[in-house]
Each structure stands twice: as structure tokens, then as C-alpha cells.
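Have a look at the fold before reading on.

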Amino acid sequence: IKDNGPGIPANIITNVFEREFTSGKVGGSGLGLFQARKAIEWCGGKISISSIENEGTTVDFTLELERTPSWNIDQLLVKEGMRVIVADDDPSILSIWRQKLSEIESKINYLEFSTISSVEEYIVKNPQVDNCLFILDQYAGENSQSITGLQLIEKYQLGEISILSTSEFDDQEIQSKIKQNKARMIPKPLLSLVNIDLIS
């Protein structure tokens with residue numbers, strides 16, 4: 001990306017990617033280029049900047065071609081007889097899950113909750129979860145003091161039998177925790193694209 005603006009003085013160009021470093025911009029927070037660098041490096045890319053005063057600035061960055069993340073789901077395999085436990089406080093999302101599972105409803109045990117804490121109560125009463133699939137929203141019907149979907153996954157070690165269905169899918173911390181817990185994730189905007197197949 002290249003411009004033909006006033007350029008960046010040579011004595012400060014090495015500082016432009018530092019957190020809270022700002023120069024020449026009224027009200028600047030010094031976070032823009034810092035966050036850009038962090039985001040690009042987190043994706044496995046690189047960024048650099050060069051500038052000539054009174055001629056312009058060039059920003060070079062490279063990103064790897066997109067790979068499907070290990071947590072991503074486009075096909076969901078559900079075993080016959082499995083308990084499928086969905087928690088979401090959005091009635092339209094619950095409706096999508098009901099519709100998606102309707103063809104195999106007679107072959108599974110489908111349970112629906114509107115809060116994560118209700119799922120936790122269910123787990124306490126029914127601790128055998130070896131034949132379960134948990135599909136959890138991150139903040140289903142909860143306040144800041146309540147347990148989140150990820151906290152429930154971590155607390156009860158549900159990683160391999162859990163899917164986080166969330167709008168916060170691009171949050172780096174959430175993605176990292178999903179990977180650490182060997183869970184999977186469905187971005188809510190892509191929920192309609194997920195295919196469900198029954199296996200015996």
C-alpha cells in the first residue's frame with residue numbers, strides 16, 4: 001500500500017508499530033499500526049513500512065493463503081442415540097438447530113436450553129456425558145457473573161464433544177481456547193451452511 005503524502009520522519013519510523021506511539025495526529029491513540037501488526041502477525045503474516053519524507057510511505061504486508069482452521073465445521077456427524085444438547089438465548093438460532101436436526105430427531109435425544117448455567121445444572125444431575133454433543137453459545141442468556149460456554153467446556157473437560165456456536169468467532173482469545181480444549185466452533189453467520197449427517 002503506497003501513498004504520496006508527507007512521509008514519516010526517519011527518526012520515528014522505527015517506532016510506528018509500538019503500542020501507544022503516535023505522532024502528528026491530533027487525538028491519535030497510537031493503536032492503529034500496533035493493532036494492524038498484531039493482527040497480521042497472529043495470522044502468520046509480516047508487515048513492514050518504509051517512507052521518504054515529502055514523497056510518501058509504503059506499507060508492505062504478506063499473508064498466507066487462508067487455510068481452514070482446525071476448529072471449523074461445515075459438516076456435523078451425529079451418532080444415532082446421541083444426546084444433542086443445544087444452549088442459546090436467541091430463539092431464531094434454536095429454531096435453526098431444530099430445523100437442521102428435524103430429519104434425524106427420532107434417532108437422537110435432543111435437549112434445548114436458553115442459558116449456559118442451565119446446561120451446567122443438567123451436567124451436575126447427569127454427569128455421564130460420553131454419548132453427548134454440546135452445542136453452546138458463548139454468552140447464552142447470561143450476565144457478566146455467569147459461566148460462559150467456554151468456561152463450561154473447560155470446567156467439565158467437554159472439549160472433544162463440544163461446539164461453540166458464537167458470533168465472537170473471530171476473537172483471538174476464543175479461538176486460542178477452542179484449540180487448547182480441542183473443541184470446535186461454528187460461526188453463527190455460517191450456521192445455515194452446516195450439513196448434519198447421522199451415523200450409526
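Buried means under 20% relative accessible area, exposed over 50%, and partly exposed in between, using a 1.4 Å probe and protein chains only. This is a predicted model, so to speak of local features pLDDT must be at least 70, side-chain atom pairs count only at pLDDT 80 or more, and totals for chains, interfaces and linings use all residues. Residues are numbered from 1 along each chain as its sequence is written, and side-chain values use heavy atoms, with hydrogens and water left out.

On to the salt bridges (a side-chain nitrogen of Lys or Arg within 4 Å of a carboxyl oxygen of Asp or Glu). The structure has six, including these:

| Pair | Closest N and O atoms |
|---|---|
| E41 and R37 | 3.3 Å |
| R98 and E112 | 2.8 Å |

K188 sits in the loop between β8 (184-187) and β9 (195-199) and D88 in the loop between β4 (83-87) and α2, so this pair ties together parts 100 residues apart in sequence. Helices (H or I, at least four residues) and strands (E, at least two) are DSSP runs, numbered from the N terminus. K188 counts as buried at 15% relative accessibility, and so does D88, at 2%. Both belong to a network of salt bridges that links D88, D137 and K188.

R98 is in helix α2 and E112 in strand β5, so that pair joins parts 14 residues apart in sequence. R98 is partly exposed at 41%, as is E112 at 31%.

E41 and R37 both lie in helix α1, four residues apart, about one turn of the helix. E41 is partly exposed, at 40% relative accessibility.
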